[in-house]
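Hi,

Here is the structure you were after.

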Amino acid sequence: MTCGFCGHVFKEEDGIRGCGACGLPGKCHMIRCPKCNYENPLEPALLKKLRTMFTKGADE
Amino acid sequence: MGVAAAVNRGVGADRVRRVALVGNPNVGKSVLFNALTGAYVTVSNYPGTSVEVSHGSVTIAGVACEIIDTPGMYALLPITEEERVARELLLKDPPDLVIHVLDARNLERMLSMTIQLIEAGLPTLLVVNIMDEAERMGITVATELLQQRLGIPVIAAATARKRGLAEIRRAIVAYERPNCPLFNYSPRLDQDIAAVAGLLRGEYHISAKAVALLLLQGDDEVAALVAASEADNWEKIARTVKNKRFERRESFNVDLSMERKNVVSALLDGVLVLPEKRRVTLGERLSTLAVRPLTGVPLLLVILYFGLYKFVGDFGAGTLVDFFENQLIEAYFNPFAIQLVKAVIPWEIFQELFVGEYGIITLGLRYAVGIILPIVATFFLFFSVLEDSGYFPRLALLVDRLFKKIGLTGRAVIPMVLGFGCDTMATMVTRTLETVRERILATLLLALAIPCSAQLGVILALLSKVPGALLVWSLCLLLIFLVVGFLAARLLPGETPMFYMELPPMRLPQLSNILTKTYTRMQWYFLEILPLFVFASVLLWLGKITGFFEKAVNGLSPLMAALGLPPEVAVAFIFGFFRRDYGAAGLYDLQTKGGLDPRQLTVAAVTLTLFIPCIAQFLVMKKERGWKVATLIGVFVSLLAFGSGWLLNQTLLLTGWL
């Protein structure tokens, strides 16, 4: 994913996950850039799946 | 001797082909890695370091490949731990193919590493990436001519746009080790290299020339490796290296850089054609305008006017809310829900819980869906457009000078900008600021003067209907933000750190990115607020049936009177303690029923914006800054909010402005 602030390209697993300290219900859907710490929204699983399907189709 | 055995071993059809991606940071290696590997990826720390290396498996045209994404490196001579790891990956167990990815816009600067890879005898493929941007700048690269001169395959690509991916895949499978030309330096340098290389007797994974060059550059790791490999011969090699370096008065590295620059210039003669007059793209022009105070501030005001005022305030909080709340929920949904609940639940007290004055459906759901959702949808759409255009880092540079006056730097723009989305999340992000002083200042200012998206939208919608009210509200907020920041920065000891950042290019926002980000943020926001709004409705219902809520409203009445507000506004303040946006929605409700005149509306909006942070933000403040600081900020913010409200009311009464 590309950080919306500094443009750093990083893998989702390299990003910094929320800690749940805010006490809000549900899991945090934000992921912070390892370079500048800006919070980026995590792509929903459904959209990711759709995108992967289309990307695969295009690649082939 | 010289070239690694691993390099010479060839690749059997049944063996996994190991392909390493190398290059400077931010040239698109990871994009290429993801495009090549897809989902089959493992990430692990390189042994003995904290540097992560990604491995991915893929089969290309029947050939099984392992793709390795190495950390960014600038040269074979490492400086940072990342570069050291990247080099070790190449030298200790050389891959079957090294793909050097470089940025076409900086070809002259980055090609030096390609020379080093070829010199080292590594099987190299060059990907000239980001060609789309280079072409937009009027740069042309004759890749075929470059391929002839380098003696390795060269592919022009724009991996982010999938350009060149098919060629890269084909090249990975078809790669055969070519005979690369030797790059000649000046006779003196060639003699120095030959003098050291000629002494090497051991077996190395890279060429003797590359080993000699690294020794002459004073590479301690390679020196230790050679010392172990050469045994008795090492002393002679070390002496020769020392003499050669001494003869050049220790300027070997500078001399080599200059010579490599000459080699690169000769290679690029006729290959790289730059436009006569550098073509300045629209993005670059906008970028310059955005960071210069003289043009940046008016540009910011234009963005705020059209983005926040017209789009979020006028369209989102006006037109859309009117449609959802009045035309859908109030006209159709609520009467149906009330009828249904009354038919199903016989007890009035429980009917109240769902469809009463503070009912889960008639208040909680109506606020969440009818008022807050349209506003946050328009706000996040506007936010995503700005984010995807690359405007935010420019904003950070623009406000850096102003922020330094309040003890912060441009870096604090990140939590401040995020605060307009949700102050709770933004408070958490303050931990990334460099000093404790900055963190406390940013936490205080977030709690005080940064309204969250929904609160901002509702207030914009309410105040835009009263001439002058929005201006008074904006000036009050800005003044309080600056004065409190300025005074707090003087009270808290410490220095303001330096701020610097690399600016990513400004670009045309992509529709798919904007929609994905807006949808994700909306989904997250809605899922987060809905249970809280339901919970708040239950608490208010409990407060109502126990009489506690009435007592709280009565208790706040003198305070409301002091602010020149009717007692009913206390409800919005109580709501606001649950959530900022809930409070703003309460005020909206009150105003649509015609409960406030222009002065009262402005005073209530200013006080409510400054008022105590919501429960979630308070919890994060406690977690990040501790009980003491969080309580102090909470008390200070509340006192300041009511103090400012009182002062504003008196000023407006005296001047008769509104």
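Before anything else, one cut-off: I call a residue buried if 20 or more other C-beta atoms lie within 10 Å of its own, with C-beta atoms placed from the backbone. Also keep in mind that this is a predicted model.

Of its 30 residues, 27 are buried, so helix 16 of chain B is largely enclosed by the rest of the structure. This helix also bends, by about 45° at B:Ile372, and a proline, B:Pro374, follows within four residues. After helix 16 of chain B comes B:Gly390, which has a positive phi, near 85°.

Helix 4 of chain B covers residues 107-119, which makes 13 residues. From its first C-alpha to its last it reaches 18 Å, close to the 18 Å expected at 1.5 Å a residue. Its buried residues include B:Leu107, B:Met110, B:Leu111 and B:Met113, and also B:Gln116 and B:Glu119. Here too a glycine follows: B:Gly121, with a positive phi near 85°.

Now to where the two chains meet. Chain B puts 32 residues into the contact and chain A puts in 26. On the chain B side, the elements that give two or more residues include helix 2 (29-37), strand 3 (52-60), helix 16 (360-389) and helix 17 (391-405), along with helix 18 and helix 28 (615-655). Helix 23 of chain B gives the most to that side, with nine residues. By class, the side of chain B that touches chain A has 17 nonpolar, eight polar and seven charged residues.

Is B:Met416 buried or exposed? It has 23 other C-beta atoms within 10 Å, so B:Met416 is buried.

Finally, chain A. It has 60 residues, of which 32% count as buried. Its secondary structure comes to one helix and three strands, and from the N terminus on the order is β-β-β-α. If you take the contacts in chain A between residues at least 6 apart in sequence, 39% of them join residues at least 24 apart.

Cheers

Technical notes:
Residues numbered from 1 in each chain as written. Chains lettered and ligands numbered in written order. Predicted model: local features only at pLDDT ≥ 70, side-chain atom pairs only at ≥ 80, totals over all residues. Buried ≥ 20, exposed ≤ 12 C-beta atoms within 10 Å, placed from the backbone. Expected span 1.5 Å × (residues − 1). Contact = placed C-beta atoms within 7 Å. Nonpolar A, V, L, I, M, F, W, Y, C, P; charged D, E, K, R; others polar. Bend = angle between axes of the 7 residues up to and from the residue.
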